[in-house]
Amino acid sequence: TAGAAGTTPRDGLPTLAVYKLASCDGCQLTLLNCEDELLALAGQVRIGYFPEATRAVLPGPYDLALVEGSVTTAADAERVREIRAASRHLVAIGACATAGGIQALRNFADVAEFRAAVYARPEQIDALAGSTPVSDHVKVDFELRGCPVDRGQLLEVVTAFLAGRKPGIPDHSVCFA
Ligand code: SF4
């Protein structure tokens, strides 16, 4: 789930959530590979939701949500709306989340044809006609491009949002709030 509405932890630390839609996990792995930097951040942030890193879940809403992956199913579309509702700031990370990713190649083909060619029971596959970026579905506060995202830029975005300042790198989203 995107995290139930509630209060942030009473220790006053900002909360971070990391979500995955249709993606290869590479951008999340970039974050996980920032071990030293994450340790430095550890005293300044609480991980509210990050299934790739921990089973612990804190109640939302979260101060910052990082979203990896594109929207390719009706369930993804619903989930990204839930994520937006549970997040003060939402940052789309990587080419999948900001542009639809390699899976957006299907946008130029007939998905029904692909389904019939690949699956024994195509009628059981729930897939939208296209793969779309997060910003096609909800307001995005910042878009970080790359495949995968650059480690230094990712840390800058996380640090900046948690500190309440604008990241010192180009923003490809429609606006910054
Ligand atoms: Fe993987 Fe690239 Fe998508 Fe990141 S942008 S999740 S590395 S395919």
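Residues are numbered from 1 along each chain, as its sequence is written. Because the model is predicted, local features need pLDDT of at least 70 and side-chain atom pairs count only at pLDDT 80 or more, while totals for chains, interfaces and linings use all residues.

Let's start with the overall build. The chain has 6 helices and 5 strands, taken as DSSP runs numbered from the N terminus (helices are H or I, at least four residues; strands are E, at least two). Read from the N terminus, their order is β-α-α-β-β-α-β-α-α-β-α. Along the principal axes, the C-alpha atoms fill a box of roughly 50 × 30 × 30 Å.

Now let's turn to helix α3, residues 74-85. Its 12 residues should span 16 Å at 1.5 Å a residue, and its end C-alpha atoms are 17 Å apart, which agrees; the expected span is 1.5 Å times one less than the number of residues. Asp76, Val80 and Ile83 are the buried residues of α3. They lie on the same side of α3 because they cover an arc of only 55 degrees around the axis, judged by the directions from the helix axis to the C-beta atoms. Ala74 and Ala75, on the other side of α3, are exposed.

What do the buried residues of α3 pack against? Their partners are β1 (15-20), β3 (62-68) and β4 (87-93), with contact meaning C-beta atoms, placed from the backbone, within 7 Å.

Methods: A residue is buried if 20 or more other C-beta atoms lie within 10 Å of its own, exposed if 12 or fewer, and partly exposed in between; C-beta atoms are placed from the backbone. Two residues are in contact if their C-beta atoms, placed from the backbone, lie within 7 Å.
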